[in-house]
Amino acid sequence: MTVETAKQQDIEWLVDNLNFAEKVERSLELIEQAWRLHGEGLVVANSLGKDSCVVWDLAKRVSPEIRGFVVSTRFWPEETNRFMRQTIEKHPELRIFSNDLKLPDNLYELDPDRCCDILKVEATRRAIEEMDVSGWITGLRCTEGYTRTDFREVEHRDAGLTKLNPILIWKEREIWQYLAVRGVPVNPLYEQGYRSLGCAPCSSVVRGGNERAGRWIGTSKCGGECGIHTRPLRPEHKE
Ligand code: SF4
C-alpha cells in the first residue's frame, strides 16, 4: 500500500478522525516508503524527547538498519544526558553531534535565536552533511503548539533533502499511548511534569497552555522553535 501524503486542508481531519491503530499504520507506511526511496540516506533526527522516542521505535520496526543522530548541547539537563548515554548504549548506530564553540555568557537569555542557531541548527547541518542524508525523519507534530500547524508529512524545503514528519497527525495522548503499549523508555524528566524537553535554561514545567508553552519562557521565542524545522539545512543555503 502507498500512503497518499495529506494536503494541508486534510491534516486537521486526519488528526481527529484516524484512530490510534490507523495512525500507527500510516506512520509505518510513510517511513517504509521513505526507506524504499532513500535507503541508507534515510536518517532519524532523535532529540530523545517523547516524540522522537516514538519515531525511533517506528523506524526500527521498519528496518533495524535505519541510522540516527542526536544533537546535544552543553545546556542539556543531567537527566537528559544520562538518558542519552543509556539510549546510545542500546543503539550505537545513533551518532552525537554538538557544537563546542565558545559563547558569550547567558547568550540563551540575550539572544536565544542565535544560541539555538549555533548549538542546534549548525550541529544539525553538520549531521546531515557528514551522514550523507537525503531524507531525515523528525518527530514534529501539528498539535504541539502555534508554530507547528503549517507543516506537511513530506517536505522539500532544502534542495536534495526530503523531510519526513511521519507522526505529524498524532495527538499528545497517542504519543503516550504508543510509548505505554510498546514499553518504550522515556526521559525521567517527564515524571516532573514537563511536556516538552530541551535545554535546562529554556524548558519549564507550566500549568495549562499548549505542549510547548514551557519553552523559552520570558523571551521573544516563548513557545517557539529552535530553528531546525524552519531554517535552511543545506550548506549552500547557509545565511
Ligand atoms: S534551547 Fe536555550 S540553551 Fe539551548 S540552544 Fe536554544 S537558546 Fe541555547
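1. In the residue classes used below, Ala, Val, Leu, Ile, Met, Phe, Trp, Tyr, Cys and Pro count as nonpolar, Asp, Glu, Lys and Arg as charged, and the others, Gly among them, as polar. By that scheme the lining of the second largest cavity has nine nonpolar, one polar and two charged residues. The model is predicted, with local features requiring pLDDT of at least 70 and side-chain atom pairs pLDDT 80 or more, whereas totals for chains, interfaces and linings use all residues. Residues are numbered from 1 along each chain as its sequence is written, and side-chain values use heavy atoms, with hydrogens and water left out.

2. That second largest cavity has a volume of about 90 Å³, and its lining includes T73, F75, Y108, C199, C202, R215 and W216. Helix α6 gives the most to this lining, with five residues. A cavity here is a set of points, on a 1 Å grid over the protein atoms alone, where a 1.4 Å probe fits but cannot get out, and lining residues have an atom within 4 Å of a point; the points are joined across faces, edges and corners, and a volume is the space filled by probe spheres set on them.

3. By this rule there are three cavities of 30 Å³ or more. The largest cavity has a volume of about 560 Å³ and is lined by 32 residues, with S47, S52, L197, R215 and I228 nearest its centre. Its lining comprises twelve nonpolar, twelve polar and eight charged residues. At least two lining residues come from each of α3, β2 and α6, and α3 gives the most, with three.

4. The largest pocket (an open set with protein on both sides within 12 Å along at least five of seven lines) has a volume of about 250 Å³. Of the 14 residues that line this pocket, W56, K90, H91, V184 and P185 lie nearest its centre. The elements giving two or more residues to the lining are α3 (50-62) and α4 (78-90), where helices (H or I, at least four residues) and strands (E, at least two) are DSSP runs numbered from the N terminus. The pocket lining divides into six nonpolar, four polar and four charged residues.

5. Helices α2 (residues 20-38) and α7 (residues 172-182) pack at an angle of about 80°, and their axes are 11 Å apart; axes are lines fitted to C-alpha atoms, for helices over the stretch in contact, and angles run from 0 to 180 degrees between N-to-C directions. The two helices are therefore roughly perpendicular to each other, a term that covers 65 to 115 degrees. Their contact (heavy atoms within 4.5 Å) is made by F20, K23 and V24 of α2 together with E174, Q177, Y178 and V181 of α7. These contact residues divide into four nonpolar, one polar and two charged.

6. Six strands form an open sheet in the order β3-β2-β1-β4-β6-β5, with mixed pairing, strands being paired if DSSP finds at least two bridges between them. Because β3 (94-97) and β5 (154-158) stand at the edges and each has a single partner strand, one side of each is left without a neighbour in the sheet. Direction ignored, neighbouring strands of this sheet are turned by 30° against each other on average.

7. Helix α6 (residues 112-130) lies across β2, β3, β4 (135-137) and β6 (161-164), and runs at about 155° to β2.

Methods: Angles under 35 degrees count as roughly parallel, over 145 as roughly antiparallel, 65 to 115 as roughly perpendicular and the rest as oblique.
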